[in-house]
Amino acid sequence: MDHHHLTHPENDEQFTGLTVNSGVSQPPVVNPYLRRRRKPLPSATELVEGILKGDTTMLSRAVTLVESLSAEHQSVAQEVIEKCLPYSGQSRRIGITGVPGAGKSTSIDVFGLHVLGKGGKLAVLAIDPSSERTKGSILGDKTRMERLAVHPSAFVRPSPSAGSLGGVARKTRETIVLCEAAGFNNIFVETVGVGQSETAVHSMVDFFLLLQLAGTGDELQGIKRGIMEMADGIVINKADGDNIPRAQLAQAQFRSALQLFPPTESGWKPEVLTYSGYYELGIEEVWEMIDRYFEFVNANGYFERKRLQQARYWMYETIDEQLRRHFFDNPSIASMLEEKEQRVLTNRQSSFTAARDVLDAYFSANFPQ
Ligand code: GDP
C-alpha cells in the first residue's frame, strides 16, 4: 500500500502533513444484475406479427427501434417497416399545427375522442424540433391529452428526440407506417407552429389543419405566409364566452386573406371555422370539414397523387439523411473537418478548396478508382 502513497506527486516531502490516498477500485457496474433485467430484443418477425395483430406493446417496441441510433436496432427496424409496408396506407393522416398556447393538446384530446366515437383507432404522433436542442420537448409532456392517453383505442407517442429535423421527421414518417399496419385508421401528427417542422409534417399528411387564436391584436399573428398556404383548414380556437365576436372577426379576416392566395394544387378551397376545444363547441363542424376534404380529393384523384409525390419525396429525404450520416459519422472525416475548419477560420485555406479536399478524401475512400 505504501508505495501507492508515494507515487502521487503531492506525497512528496515538501507537502508534509498531506497524504493523498489511492482510490479503491470500483466495480464496472453498480448493480451487476441490472443488465439481466433488460428485455431481449424481439425479432423482426415477432414484431411484425405483434403489430399486425394490433398489439400496442409490440408497436411501441418497434417504434423505439425506429427511433434508436444503434445500427443493430436500425436494421431490425428497417426489416419491420419493409414487412409492414404492404399493410400500410389505409388511414387518414392529419397534420395539426399552432403556436404554443393555441390549444393543440386540448383540441387534439377533444378531436381525438370525437373521431374515436365513430369507431376505429387513433395514433397521435409529434414532430417537435425543440426537443433536439433543449432535450425538453414541448410536445412530449406526459400530462397532455389526458383522456386520449388512457383511451384503449389510442396510441400517443411524443416526438422522437435525437437528430436533425430531417431525421426526426423520417422516424415519424416510418412510425406512421407501423401504426397503420397495426390498424390505426386515423393518424394525427402534431407540430409547433413556429418553423420548418410544418413543411416536414405537410409532406407526410393528407390534410393540414392550422389552429389559430383570435383577439390578440394582429389577427394574422405573424404566422408565416408559407404555413397559411399549406393549410387545408384554418380553425380559430377559443371561440367561447366574450371571445366569440373576436373569433368571428378573425374568421372573416382569414377568409379574405385566403382569397388572395393562389389556387391550391388539390383544387380544394381551404375553409375557416371557429370552435372551442375547451368547451367542446363546433367540434363536429371541424370534423365535417375534414370529411368533405377527403371526399373531394378522393373524387378528383388528388389523394392518390399526393401520396405518390410524398413517397418520392421521402425516398430522396432518406437518401439525403443516410448520406449525411455516413459522411459526418465517419471518424476520419470528422477529424479532417475539424482541421479544415481551423484552416478556414484562420484564413489559411478557402472554404471551397477545404470542402473539395474533404470530399475528395471521402469519395476516394468509398469509391477507389
Ligand atoms: P398547446 O400549447 O397548443 O398544446 O395549448 P394547450 O392545449 O395546452 O392550451 C393552452 C391554454 O389554453 C390552456 O390553458 C387551455 O386550457 C386553454 N384553452 C385551450 N383551448 C381553449 C378553448 O377552447 N377555450 C378557452 N377559453 N381556453 C382554451
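A: Start with one residue pair in this predicted model. R92 stands opposite N186 in β4.

Q: What packs on the sheet, and which strands does it touch?
A: Helix α8, residues 165-181, packs there, touching β1, β2 (122-127), β3 and β4. Touching here means heavy atoms within 4.5 Å. The direction of α8 makes about 175 degrees with that of β2.

Q: What makes β1 and β4 a pair?
A: Pairing needs at least two bridges. β1 and β4 (residues 186-192) have seven, in the parallel sense. They therefore count as paired. G98 stands opposite V192 in β4.

Q: How do you know that β1 pairs with β5?
A: Four bridges join β1 to β5 (residues 207-213). The cut-off is at least two, so the pair qualifies. These strands run parallel. G95 stands opposite F208 in β5.

Q: Why is β1 called largely enclosed?
A: Buried means under 20% relative accessible area. Six of the seven residues of β1 (residues 92-98) are buried, so the rest of the structure largely encloses this strand.

Q: What is the strand order in the open sheet?
A: The order is β3-β2-β4-β1-β5-β6-β7, with parallel pairing.

Q: Why are β3 and β7 said to stand at the edges?
A: β3 (154-156) and β7 (271-274) each have a single partner strand, so one side of each lacks a neighbour in the sheet.

Q: What is the average twist from one strand to the next?
A: The twist averages 20 degrees.

How values were computed: Residues are numbered from 1 along each chain as its sequence is written. This is a predicted model: local features need pLDDT of at least 70, side-chain atom pairs count only at pLDDT 80 or more; totals for chains, interfaces and linings use all residues. Side-chain values use heavy atoms; hydrogens and water are left out. Buried means under 20% relative accessible area, exposed over 50%, partly exposed in between (1.4 Å probe, protein chains only). Axes are lines fitted to C-alpha atoms, for helices over the stretch in contact, and angles run from 0 to 180 degrees between N-to-C directions.
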